[in-house]
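Student: I've got a new structure open and I'd like to get to know it. Can we go through it together?

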Amino acid sequence: MEKTDGLIKPLRPPAGLEPGFSVLMVSHPADIAAIPKSLNLKAEASHRVLMSRLYILGDLTVIGPFMGAPYAVALLENLIAWGAGEIIYYGWAGALSSVLGIGDVIIPTRALVDEGTTRCYFNDNTAASFPNTGLQEKLQSRLDVSPAAIHGGAIWTTDGLFNETPEKIAHYQAQEALAVEMEASALFSVSGYRSIPIGCLLVISDDLSHGDWQPGFSEKRFKRTRHRVCSLLPEIFMTKGDL
């Protein structure tokens, strides 16, 4: 699709952003609360961006929460317009494969498109979108969440939170999707469209692989992995010469 300029323009950037800043996009409210707390960042020092909060710590910007492809991309478009250099999206996902356990991490290699936002940028029935390979490899090598496991593979992104039917699950399992979530394929699509590198990691919070829904949000293994990811991601970003 030919790139065109939309009529609606991005918001004015918050003070303190320098061109080329790194972004950690954090989807869940519990994690966007935990990361600034671990870094001693105060809520009153943050900036309101749409329905989310943005924290600035040197070259690192942390933003969230958000849910669903359209809103995630609205944040992303503003960040790109403000000069973001690279982006990592961190969220939760439901397992579609019995290989994955609650609290495991998946670093996707591709996202199967089952959301409408990508169609606003590409009208060619794009089937999949992709993160930046280099960022994914660096996350894979530097993120230690043991004893939880880290997996690589495809994921399925859907708009239909309450329409993850057995038939749809079987369809995407047949395409080797390991997990399902609601933002990644759109974020990958728009980052590619805007030529900005994006990486992604997802913690497995629930399981749909056995024909029913098995929530794991209260399990210790899930909470332990989330705590580990929330503490490690800023360190990875702020280590010189890293991402």
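This is a predicted model: local features need pLDDT of at least 70, side-chain atom pairs count only at pLDDT 80 or more; totals for chains, interfaces and linings use all residues.

Student: Let's start inside. Which residues touch the most other members of the largest nonpolar core?

Tutor: In general, nonpolar side chains tend to be buried together in soluble globular proteins. Here the largest nonpolar core has 68 residues. Its largest share, eight residues, comes from helix H2, residues 69-81. The members that touch the most others are Leu 24, Met 25, Leu 79, Ile 87, Tyr 90 and Leu 201.

Student: And how many residues are in the other core, the one with Trp 156?

Tutor: That core lies apart from the largest one. Among its members are Leu 96, Leu 112, Trp 156 and Tyr 172. The count for this core is nine residues.

Student: Back to helix H2. Is Pro 70 buried or exposed?

Tutor: Pro 70 has its place in helix H2. Its relative accessibility is 53%, and the cut-off for exposed is over 50%. So Pro 70 counts as exposed.

Student: What about Ser 52: buried or exposed?

Tutor: Ser 52 sits in strand E3, residues 52-57. Leaving out residues up to four places away in sequence, Ser 52 touches His 47, Ile 63, Gly 64, Pro 65, Tyr 71 and Leu 75. Its relative accessibility is 0%, so Ser 52 counts as buried.

Student: Which side chain does the side chain of Ser 52 join in a polar contact of 2.6 Å?

Tutor: Look through the residues that Ser 52 touches, which include His 47, Tyr 71 and Leu 75. The 2.6 Å polar contact runs from the side chain of Ser 52 to that of Tyr 71.

Student: On to charges. How many salt bridges are there?

Tutor: Side chains of opposite charge can pair when their charged atoms come close. One of the pairs here is Arg 226 with Asp 31, at 2.8 Å from N to O. The count of salt bridges comes to four.

Student: How many residues apart in sequence are the parts that Arg 226 and Asp 31 tie together?

Tutor: Arg 226 is buried at a relative accessible area of 15%, and Asp 31 is buried at 1%. The two side chains meet in a salt bridge. Arg 226 belongs to helix H6 (residues 220-238) and Asp 31 to helix H1 (residues 29-38), so the parts tied together are 195 residues apart.

Student: Which residue meets Arg 221 in a salt bridge?

Tutor: Arg 221 is partly exposed, with a relative accessible area of 26%. The N to O distance is 2.9 Å, and the partner is Asp 104.

Student: How far apart in sequence are the parts tied together by Asp 114 and Lys 168?

Tutor: The side chains of Asp 114 and Lys 168 meet in a salt bridge of 3.6 Å, N to O. Asp 114 is partly exposed at 21%, and Lys 168 is partly exposed at 28%. Asp 114 lies in strand E6 and Lys 168 in helix H4 (residues 166-174), so these parts are 54 residues apart.

Student: How many disulfides does the structure hold?

Tutor: Take Cys 200, which is buried at 0% relative accessibility. The closest cysteine sulfur to that of Cys 200 is in Cys 230, 14 Å away and therefore too far for a bond. The number of disulfides is zero.

Terms used:
Residues are numbered from 1 along each chain as its sequence is written. Side-chain values use heavy atoms; hydrogens and water are left out. A nonpolar core is a set of buried Ala, Val, Leu, Ile, Met, Phe, Trp, Tyr and Cys residues joined through side-chain atoms within 4.5 Å. Buried means under 20% relative accessible area, exposed over 50%, partly exposed in between (1.4 Å probe, protein chains only). Helices (H or I, at least four residues) and strands (E, at least two) are DSSP runs, numbered from the N terminus. A polar contact is a pair of N or O atoms within 3.5 Å; within protein, one must be able to donate a hydrogen and the other to accept it, and residues adjacent in sequence count only if both atoms are side-chain atoms. Contact means heavy atoms within 4.5 Å. A disulfide is a pair of cysteine sulfur atoms within 2.5 Å.
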